[in-house]
There are 2 protein chains.
Amino acid sequence: MQFLTDTTKSLPATVPFVGPEALERQLGIRFKARIGANESTFGPSPQVLEAMAKAAVDSWAYGDPEQFELKEALAHHHGVKPENIAVGEGIDGLLGLTVQLTVVPGDKVVTSAGAYPTFNYHVNVHGGELSFVPYLDDREDPQALLIRTRDIRPKLLYFANPDNPTGSWHQAEEVTRLMDEIPEETLLILDEAYSDLAPHGSLPPLEPLRPNVLRYRTFSKAYGMAGVRVGYVIGQAGLISQFDKVRNHFGVSRMAQAGAIAALNDQAFLHETVAAIHNARETLNNIARDAGLLPLPSATNFVAIDCGRDGAYARALLQAVLRQGVFIRMPGIAPLDRMIRVTVGKPDEMEMFRAALKAALQEVE
Amino acid sequence: MQFLTDTTKSLPATVPFVGPEALERQLGIRFKARIGANESTFGPSPQVLEAMAKAAVDSWAYGDPEQFELKEALAHHHGVKPENIAVGEGIDGLLGLTVQLTVVPGDKVVTSAGAYPTFNYHVNVHGGELSFVPYLDDREDPQALLIRTRDIRPKLLYFANPDNPTGSWHQAEEVTRLMDEIPEETLLILDEAYSDLAPHGSLPPLEPLRPNVLRYRTFSKAYGMAGVRVGYVIGQAGLISQFDKVRNHFGVSRMAQAGAIAALNDQAFLHETVAAIHNARETLNNIARDAGLLPLPSATNFVAIDCGRDGAYARALLQAVLRQGVFIRMPGIAPLDRMIRVTVGKPDEMEMFRAALKAALQEVE
């Protein structure tokens, strides 16, 4: 296969995340609770389902490659202009395009050790060189990220707020300081997948948009539409227009566009979901504490639970929970790998986790 | 924007195809017939709609990143193994990934002058250098493509059978000869988007799979699912596994996976659609002939109509047809740009085109 690039040849055939379906096939079981991928089991709004069913009938036709109506709706929702928005196949797809726009083999990229693996995956795809900054007290460390960035002058700096996998967050002022102080030759990738769940005072205002900051949002989390595949990125028009040079123009499905518009139009459903997530988070915190484990504070739809020992122990506990038929995940590397990560869900799903955790703890003791 | 790559900076913000929605906004009209993008107005199977509606309810969850069930169904359908299949967001998405896997700036790529613009778009995205071979008698010219390939030793050779935009096709033996004689350092991209409509004897057997050939198929054409976004590529397992290194693993929506499986399971609907397309093609041929124009033989769901004069004339005619409220397209470059390209549709859509063509011809005379 001489036609492959050197970068392609050097890449492992890794997968950023093994899907729960693959785990079911490996383990020979069916999960009774799927609370590992930070999906929203509260689902999408009934209005979204209605809009997608209507769009399905017209699915013989490509979706609008300009996503005109969706961008209008998003612009109105956020108080920006349509030209400040690019829509793609989830944040994952948009992260891939961002790396495509910016990174050639050997270019440097800064992120936190233990942060979003799919971003790292895309950087590797394009031959970028990742430089990892440790978490500080189980949170991303903006000051250390800034120092590393000033030091090695990377093309990209990745920062998530609220953050996955620990569920932590920073105050808006801290994020604004990062935006203010990042060198202009570095593009800040501000992953705000969990922004709809962010505590008051933690999201910097969108304006003023900056020449080297992109902010990533999604319908996959609080809106309950992970399987639909639609996310977007907000930035200055000149920067946003770069996506038109490289994106798969017809890539966002007709149902995704219609569903996303309907989701925006049903903010009442979003507020209900956010309230349900807050309640479920408390339940999950109690389950963890009742089991003698330590739930970390979370600004997301999941809770990272410190299992109090090392990575080997947490991994064994995770496997035991999986065998109980409850799908959860955990951070991949130390020191975060002493945690398991559990997505909030409906009361019955939380009780399934309570039982699975109890049985798993007995098994691994 | 110092963080952009040199290739990104050099790219124009072009769009491979302007969508009909954008044309509607520009012209200030609503198209009454949408027969320009080779979509199937016969729509998807009712079983597809049912499967997608069911999947929509579960769309809070990501689709299976391994697309296990869909690949099993495709493998069974084609008599190959699941590891011979990669699934993506339409052929467009898969073409982008293929170029990502193979092309670095300066690498050469051979295609036909006037062939699929979205392939060229992706080559440009990755800084590849396109080398164009002219059509011969309004068909791709395999012999000339092979000579050019042996001459410049490109990473990729693009060939579509049946072909867009002329609707022409080659016999299986000719395509097999191309596969046999292409140098091993070149990957043959065999775009078979219209394979479900291909005349008997024009598709080479899938086996033996070859180390440097990939065959692209889609649910967007005969299956009537363009807006759903699902296509696939067939090849040797070692080559197919390369896609796992670079693809957006969760990119194919839950509804797309379920819909595609349902589409495969309803071959009766496919056969009905193919018969309807054959009938409509005859209608379209007659409309063209009645108007004094020359329809080209077609193995697809569209007909290229030679307007008998130059590109300026065909462009004027196309604009006049658009103003009549009928969306059609035309090839972009000479000598193919003496044609307009009309997708077949339902009888009422064909009659709308007949009337629009008549009015447009009067207008441009």
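**Loops, sheets and a cavity**

Me: Where is the place of Asp137(A)?
Reply: Helices (H or I, at least four residues) and strands (E, at least two) are DSSP runs, numbered from the N terminus. Phi of Asp137(A) is near 55 degrees, a positive value in a residue that is not glycine. In this predicted model, the place of Asp137(A) is the loop between β4 (129-133) and α7 (142-152) of chain A.

Me: What kind of model is this?
Reply: Residues are numbered from 1 along each chain as its sequence is written, while chains are lettered from A and ligands numbered from 1 in the order in which they are written. Side-chain values use heavy atoms, without hydrogens and water; local features need pLDDT of at least 70, side-chain atom pairs count only at pLDDT 80 or more, and totals for chains, interfaces and linings use all residues, as this is a predicted model.

Me: Which residue does a cis peptide bond join to Glu207(A)?
Reply: Omega of this bond is about -5 degrees. The cis bond joins Glu207(A) to Pro208(A).

Me: In which loop does Pro165(B) lie?
Reply: Here too there is a cis peptide bond, joining Asn164(B) and Pro165(B), with omega about 20 degrees. Pro165(B) lies in the loop between β5 and α8 of chain B.

Me: Why is one side of β2 and of β4 of chain B left without a neighbour in the sheet?
Reply: Seven strands of chain B form an open, mixed sheet in the order β2-β8-β7-β6-β5-β3-β4; two strands pair if DSSP finds at least two bridges between them. β2 (85-88) and β4 (129-133) of chain B stand at the edges, so one side of each has no neighbour, because each has a single partner strand.

Me: At about what angle does α5(B) run to β7(B)?
Reply: Axes are lines fitted to C-alpha atoms, for helices over the stretch in contact (heavy atoms within 4.5 Å), and angles run from 0 to 180 degrees between N-to-C directions. Helix α8 (172-181) of chain B lies across β5, β6 and β7 of chain B. α5(B) lies across β2, β5 (156-160), β6, β7 and β8 (231-234) of chain B, and its angle to β7(B) is about 160 degrees.

Me: Which residue of β10(B) stands opposite Leu294(B)?
Reply: An open sheet of three strands in chain B has the order β9-β10-β12, with antiparallel pairing. β9(B) and β10 (302-306) of chain B pair over two bridges. Opposite Leu294(B) stands Asp306(B).

Me: How much space lies in the largest cavity?
Reply: On a 1 Å grid over the protein atoms alone, a cavity is a set of points where a 1.4 Å probe fits but cannot get out; points are joined across faces, edges and corners, and a volume is the space filled by probe spheres set on them. The count comes to 10 cavities of 30 Å³ or more. The space in the largest is about 410 Å³.

Me: Which element gives the largest share of the lining of the largest cavity?
Reply: Lining residues have an atom within 4 Å of a point. There are 22 of them, and among those nearest the centre are Gly93(A) and Gly93(B). Two or more lining residues come from each of α5 (90-102) and α6 (117-125) of chain A and α5 (90-102) and α6 (117-125) of chain B. The largest share, five residues, comes from α5(B).

Conventions:
1 Å grid on protein atoms, 1.4 Å probe; cavity = no way out; pocket = protein on both sides within 12 Å on 5 of 7 lines; lining within 4 Å.
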